2 protein chains.
Amino acid sequence: MGSGVGGGSGEEAVKNKQVIFRDYVSGFPKETDMEVSTTTVKLKLPEGSNGILVKNLYLSCDPYMRIRMKRIEGPNAFSSFTPASPLPGNAVAKVLDSGHPDFKAGDLVWGPSEWKEYSLITATESLHKIQHTDVPLSYYTGLLGMPGLTAYAGFYEVCSPKKGEYVFISAASGAVGQLVGQFAKMLGCYVVGSAGSKEKVDLLKNKFGFDNAFNYKEEHDLDAALKRYFPEGIDIYFENVGGKTLDAVLLNMRVHGRIAVCGMISQYNLDQPEGVKNLMCLIYKRIHMIGFLVRDYVHLYTKFLDTVLPYIREGKIVYVEDIAEGLESAPAALVGLFSGRNVGKQVVLVAHE
Amino acid sequence: MGSGVGGGSGEEAVKNKQVIFRDYVSGFPKETDMEVSTTTVKLKLPEGSNGILVKNLYLSCDPYMRIRMKRIEGPNAFSSFTPASPLPGNAVAKVLDSGHPDFKAGDLVWGPSEWKEYSLITATESLHKIQHTDVPLSYYTGLLGMPGLTAYAGFYEVCSPKKGEYVFISAASGAVGQLVGQFAKMLGCYVVGSAGSKEKVDLLKNKFGFDNAFNYKEEHDLDAALKRYFPEGIDIYFENVGGKTLDAVLLNMRVHGRIAVCGMISQYNLDQPEGVKNLMCLIYKRIHMIGFLVRDYVHLYTKFLDTVLPYIREGKIVYVEDIAEGLESAPAALVGLFSGRNVGKQVVLVAHE
């Protein structure tokens, strides 16, 4: 049985703003594909519930959410968002009331929640309790959350990296890419990233310590650009964008290279994905191309935290976030991922603790 | 210094038929891209040579040879054939004269030779001496040669196969595919192959023991065909053809599936390769797609022979060859690979021992 918190008995209903996913999207998502509306909620769990009632503090805007905006048929790693329902998504939240023995009022958690001010979470098995609060809480949507573990597992487990190798990262200033680059530098790799603006390129070179970086929008010949930055070729490609970038990378991979396929953001808004033509390079160069999802690496989360927290405290790993304020700004923040409006990890601040 | 053999002193020149590669090819290769001509050769090594002089007995027709018919620029796993020169290619041959301590007249060898009746081989380091002659000598172009090792390494080393897994093989009656299927059946996998004629489909089902097989030319919807043969999906795809087949397979792979990329014969004759669209499946299904070349597995050859020779002798592995007679038939035999004229491994018989 739950124990109320937050002032008052919790029996009175309070307003609860939420972001509604209107209907399946084709092409680039627009703000109007979502709608902010208000309902009410009692800040107390229903009698007998073994879920938790939370106040959402930070929401995570993630590229994979675009995949869930499509109508997905048949078995798939992702399920569609439900039209006319609040968006599900990762959040940092504070427990207000709990019917679950693992959680109590006042706990901070991160994991699957909803784009609402307050949520009743019944599927608590994927929630993590936040133990370390000497770092920004918002980091648990990014650096210390799913994108951080994605970078960690994707680089160390999938890429089999070795000191001195040549590493290329696309969408390199994003939630995952900026970390992959820093991990690769710490291992002693040569690291180049691509991004979509001068500001992002400057971040990569000056803040994240990449050896070099370029603005892909200014390169009409990606193959030539890669040959310029990697005259010796690429050992490891951390793939976030797909399409033409992948085709150009394939031409520039080295023998026994590895491609960790984390995402393909350039393809998410297309009705028909672009065809990738240079797959014969997989044979010529004996390349391993490995698709992965962070959900297969959740068992590494504690090890990941133990590794990364000290680096954060010592300033050896830095992280750039783009924080939109207020739930009303969430639709624009999410849509902005697909035009590259965000600089760094896109977060929505819903409420202060 | 060499020791002559084969009757006479070897000082007299004899006729030496050869197949000349005329010039770089675009589109489907034609017989007229090659030319049979005759020169002469003395059946004795030049003074001081440390090579070997061989009589070629069987030539191997291999799909990868099409790749070498293109003008290849920059570093690549393959080099172009030299226009207006005899075709290089794998052969089974008999040593007539040797200036190399590892070989003596009368030895049987297989490995890189030329499309000629007689060849002087100076690059002997990739030649294998044939020790076991109780099996057909022609097998050393296929089952016991490069294609056999390709199947062995590709299946056991690249695919990480497990008993009970669902295995799909394209170009399944070819030099490599027929073996992969038999290896997979011996391990207890469910095996389906595709091929391009009723005769080949019958071979797969009735001679090689595949669980099922289909003629891809009669399937206008490959995705639907694969769903019919693999209602549970595909764990392992042994890729020999590329293009549309790969796209359909990607849709039907199971989670944590593996694709061993051995060849992409459907793409070799295209000026622009087809685009493969369904690579997002690599992520959704966490697929490992692994390009490989047999040259990285030559160290396994002895183990391979020790494994496979007993199976051949016991009739547990069978092998179908398509043997063209006479060097004059070699251009048509090679060209026929790309229309699927061959049934089984395509060999050219140049001379009996």
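Trainee: What makes the pair D296(B) and R286(A) a salt bridge?
Mentor: This is a predicted model, and in it the closest N and O atoms of D296(B) and R286(A) are 2.8 Å apart.

Trainee: How many salt bridges are counted between chain B and chain A?
Mentor: The count is two salt bridges, and there are also six residue pairs in polar contact, both residues being at pLDDT 80 or more. On the side of chain B that touches chain A, β13 (253–261), α7 and β14 each supply at least two residues, and by class that side has 20 nonpolar, seven polar and five charged residues.

Trainee: Why is R286(B) called buried, and why is A84(B) called exposed?
Mentor: The relative accessibility of R286(B) is 11%, and buried means under 20%, so R286(B) counts as buried. For A84(B) the value is 61%, and exposed means over 50%, so A84(B) counts as exposed.

Trainee: What is said about the phi of these two residues, and where do they lie?
Mentor: Neither is a glycine, yet A84(B) has a positive phi of about 65° and R286(B) one of about 50°. A84(B) lies in the loop between α1 (65–68) and β4 (85–86) of chain B, whereas R286(B) is in the loop between α7 (280–284) and β14 (288–291) of chain B.

Trainee: How do you know that the buried residues of α4(B) are on the same side?
Mentor: In helix α4 (residues 198–207) of chain B, the buried residues are K200(B), V201(B), L203(B) and L204(B). They cover an arc of only 155° around the axis, which puts them on the same side of α4(B). An α-helix has 3.6 residues a turn, so residues three or four places apart point the same way. On the other side of α4(B), K198(B) and N206(B) are exposed.

Trainee: What covers the buried residues of α4(B)?
Mentor: The cover includes β10 (190–195) and β11 (212–215) of chain B.

Terms used: Residues are numbered from 1 along each chain as its sequence is written. Chains are lettered from A and ligands numbered from 1 in the order in which they are written. This is a predicted model: local features need pLDDT of at least 70, side-chain atom pairs count only at pLDDT 80 or more; totals for chains, interfaces and linings use all residues. Side-chain values use heavy atoms; hydrogens and water are left out. Buried means under 20% relative accessible area, exposed over 50%, partly exposed in between (1.4 Å probe, protein chains only). Helices (H or I, at least four residues) and strands (E, at least two) are DSSP runs, numbered from the N terminus. The arc is that of the directions from the helix axis to the C-beta atoms. Contact means heavy atoms within 4.5 Å. A salt bridge is a side-chain nitrogen of Lys or Arg within 4 Å of a carboxyl oxygen of Asp or Glu. A polar contact is a pair of N or O atoms within 3.5 Å; within protein, one must be able to donate a hydrogen and the other to accept it, and residues adjacent in sequence count only if both atoms are side-chain atoms. Ala, Val, Leu, Ile, Met, Phe, Trp, Tyr, Cys and Pro count as nonpolar, Asp, Glu, Lys and Arg as charged, and the others, Gly among them, as polar.
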